[in-house]
Amino acid sequence: MNNTELFNLYIVPNIKYAKHVTQYFVHNNFYVDDVFNDVLIHIFLYIHTYNPKQSNIRAWLYVAVRNSVYRQIGKYNNDTSPTDDFRTYGDTDSHKQLPMSAEELKSG
C-alpha cells in the first residue's frame with residue numbers, strides 16, 4: 001500500500017485523536033491548527049513505518065504526534081531571534097503559553 005492508502009486506512013478514522021494529542025502538547029490554542037497541519041504532513045510521510053502487528057495505532061499516533069511537536073519546537077528554537085516572542089503572541093487568559101523547549105514541554 002502507498003502512503004495515501006495507509007493514511008486513509010489508519011489516520012483518517014483517528015484524526016480527532018491525533019488532534020487531541022496535538023492540543024495536549026501545544027499549550028497555546030492559537031498555534032494548534034498550524035502545528036497540527038505540520039503533524040499531519042509528518043505522519044503522512046512516515047505512515048509506512050506503522051506495523052499493526054507490533055503496536056496499536058493510537059500508541060503509534062501518540063508517539064508520532066509527540067515527536068513531530070518536539071521537532072517543530074526544536075526547529076523554532078533554532079530559527080528564532082532574541083526579538084521573537086512566539087510564546088506570548090496572542091496570549092490571553094484563554095491561551096496558555098507554548099513551551100519553547102522539550103524540557104519545558106515535559107515539565108508542563
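## Helical fold and aromatic pairs

Among contacts in the protein with a separation of 6 or more, 69% are accounted for by residues 24 or more positions apart; a contact means heavy atoms within 4.5 Å. The model is predicted, so local features need pLDDT of at least 70 and side-chain atom pairs count only at pLDDT 80 or more, whereas totals for chains, interfaces and linings use all residues. Residues are numbered from 1 along each chain as its sequence is written, and side-chain values use heavy atoms, with hydrogens and water left out.

The secondary structure consists of five helices and zero strands, giving the pattern α-α-α-α-α along the sequence. Helices (H or I, at least four residues) and strands (E, at least two) are DSSP runs, numbered from the N terminus.

Of the 108 residues in the protein, 35% are buried. Buried means under 20% relative accessible area, exposed over 50%, and partly exposed in between, with a 1.4 Å probe and protein chains only. The accessible surface comes to about 6,900 Å², and carbon and sulfur atoms contribute 52% of that area; accessible areas come from the Shrake-Rupley method with a 1.4 Å probe, and for residues only the protein chains shown count as cover.

Helix α4 spans residues 57-79 and includes Q72. Q72 counts as buried because its relative accessibility is 15%. Leaving aside residues up to four places away in sequence, Q72 touches V35, D38 and V39.

The structure holds seven aromatic pairs. Rings of Phe, Tyr and Trp (its six-membered ring) pair if their centres lie within 6.5 Å; planes under 30 degrees apart count as stacked, over 60 as edge-to-face and the rest as tilted. Two of the pairs are tabulated here.

| Pair | Geometry | Centre to centre | Angle between planes |
|---|---|---|---|
| Y10 and Y50 | edge-to-face | 4.9 Å | 75° |
| Y24 and F25 | edge-to-face | 5.0 Å | 80° |

Y10 belongs to helix α1 (residues 3-11), while Y50 sits in the loop between α3 (32-46) and α4, so their pair ties together parts that are 40 residues apart in sequence. Y10 and Y50 are both buried.

In the pair of Y24 and F25, the partners are described separately. Y24 counts as exposed because its relative accessibility is 53%. F25, by contrast, counts as buried because its relative accessibility is 6%. Ring pairs also join Y24 and F25 with Y62 and Y70 in a cluster.
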